[in-house]
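Subject: Structure handover

Hi there,

Here is the structure I promised to pass on to you. My notes on what turned up in it follow just below.

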There are 2 protein chains.
Amino acid sequence: MARQIFSFVGGATGQWRVSHVQTMIGEALPAVPYVEIVEGNVETGPESAAWMLRGATSYERYVHKAEQQALIAHQPPIGRPEASCAALILMKKSDAWWAMPQDERRTIFEERSHHIQIGMHYLPSVARRLHHCQELGEPFDFLAWLEYAPNDTESFDQLLHELRATEEWHYVEREIDIRLVRS
Amino acid sequence: MARQIFSFVGGATGQWRVSHVQTMIGEALPAVPYVEIVEGNVETGPESAAWMLRGATSYERYVHKAEQQALIAHQPPIGRPEASCAALILMKKSDAWWAMPQDERRTIFEERSHHIQIGMHYLPSVARRLHHCQELGEPFDFLAWLEYAPNDTESFDQLLHELRATEEWHYVEREIDIRLVRS
């Protein structure tokens with residue numbers, strides 16, 4: 001996916017209404033009623049903004065060829081009309097994670113935690129766009145944006161439950177799960 | 001290596017005097033007599049600045065465990081007093097490179113182009129700090145900063161000659177080689 005920057009602005013207005021927030025690990029964020037997603041790097045948001053987070057779509061860091069082909073064949077696009085529910089998962093991994101060489105991170109990520117394989121079980125219900133933030137000097141490493149239909153809420157919760165039980169998650173030192181409904 | 005942003009400012013002043021510039025592939029940059037390296041993200045440089053480029057140090061994208069250990073054992077630090085020569089290599093790779101899955105990029109990078117292995121032959125003469133720029137919306141993907149002693153110039157040229165002859169370099173669509181001397 002080509003590099004494209006997105007700003008997530010939490011505040012009094014937005015296309016997405018916050019329905020629930022759960023701070024899974026680490027420090028919380030100020031509560032907001034809405035999140036607005038803006039293409040590009042928003043330097044200063046509206047006065048009502050409680051927080052702004054930026055991330056860039058980027059190339060794949062762990063996906064191998066067969067996995068890439070399977071994902072391309074099954075993953076739905078962002079913006080399906082029926083996918084009126086969303087999750088914005090904010091995540092930061094530990095220094096120990098980032099200090100590992102590529103092969104060790106891949107082994108934990110997929111061979112032992114089956115991150116890609118678990119995600120594949122939930123396709124084509126869940127659309128996903130991953131934003132990288134580390135090089136932007138942001139407080140999180142990733143902003144994961146996921147969209148699903150209301151009827152798929154339970155299965156989406158199950159997906160997160162499976163991922164959070166993996167070895168990979170031992171390296172997550174901050175995680176906030178923000179659920180939203182299109183407004 | 002922890003994330004740290006650096007700004008390279010080309011202009012009328014700086015700690016490094018430009019001795020030679022060679023545009024290897026693609027569009028050139030305006031010629032400048034000096035380059036100043038500043039820690040942090042410089043939003044606006046001095047009026048005399050002809051260009052400013054930013055990049056962030058980051059985690060390893062291709063290095064495997066044995067390679068990481070060998071690099072840690074042999075690579076010298078940045079800033080050795082005797083290393084009064086430097087190269088700032090500005091590089092952008094093609095969309096075809098970035099669209100490949102991780103395993104294909106690794107195979108071309110190391111198993112077929114021996115990028116890490118070639119670099120290892122020139123240790124401990126050459127100190128290296130790689131800056132990633134893609135997520136910062138910069139015109140280049142990487143800024144590679146390399147330092148060496150005057151006596152090692154010929155061997156450093158040989159290193160670049162070897163790398164530029166590899167399959168990996170077929171995916172380089174812009175490259176500028178700026179040589180500098182500490183002023």
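This is a predicted model: local features need pLDDT of at least 70, side-chain atom pairs count only at pLDDT 80 or more; totals for chains, interfaces and linings use all residues.

Next, the salt bridges. How many does a search of the whole structure find over all chains? The total is 23, and a few deserve a look.

Two of them run between the chains. In one, the side chains of A:K65 and B:E104 meet with an N to O distance of 3.0 Å. A:K65 belongs to helix 1 (residues 65–74) of chain A and B:E104 to helix 3 (residues 102–112) of chain B, so this pair joins two chains. A:K65 is partly exposed at 36% relative accessibility, and B:E104 is partly exposed too, at 25%.

In the other, A:E135 pairs with B:R61 at 2.7 Å, N to O. Here loops do the joining: A:E135 sits between strand 6 (127–132) and strand 7 (142–148) of chain A, while B:R61 sits between strand 4 (51–57) and helix 1 (65–74) of chain B. Both A:E135 and B:R61 are buried.

Within chain A, A:E111 and A:R106 form a salt bridge whose closest N and O atoms are 2.9 Å apart. Are its two partners buried or exposed? A:E111 is partly exposed, with a relative accessible area of 43%, whereas A:R106 is buried at 8%. There is also a network of salt bridges that links A:D157, A:R164, A:E175, A:D177 and A:R179.

Finally, have a look at A:I37, which is in strand 3 (residues 34–39) of chain A. A:I37 has a relative accessible area of 16%, and it counts as buried because the cut-off is under 20%. Leaving aside residues up to four places away in sequence, A:I37 touches A:F6, A:S7, A:F8, A:Q15, A:W16, A:R129 and A:W145. A:F6 is 31 residues from A:I37 in sequence, yet their C-alpha atoms are 6.8 Å apart in space.

Terms used. Residues are numbered from 1 along each chain as its sequence is written. Chains are lettered from A and ligands numbered from 1 in the order in which they are written. Side-chain values use heavy atoms; hydrogens and water are left out. Helices (H or I, at least four residues) and strands (E, at least two) are DSSP runs, numbered from the N terminus. Buried means under 20% relative accessible area, exposed over 50%, partly exposed in between (1.4 Å probe, protein chains only). Contact means heavy atoms within 4.5 Å. A salt bridge is a side-chain nitrogen of Lys or Arg within 4 Å of a carboxyl oxygen of Asp or Glu.
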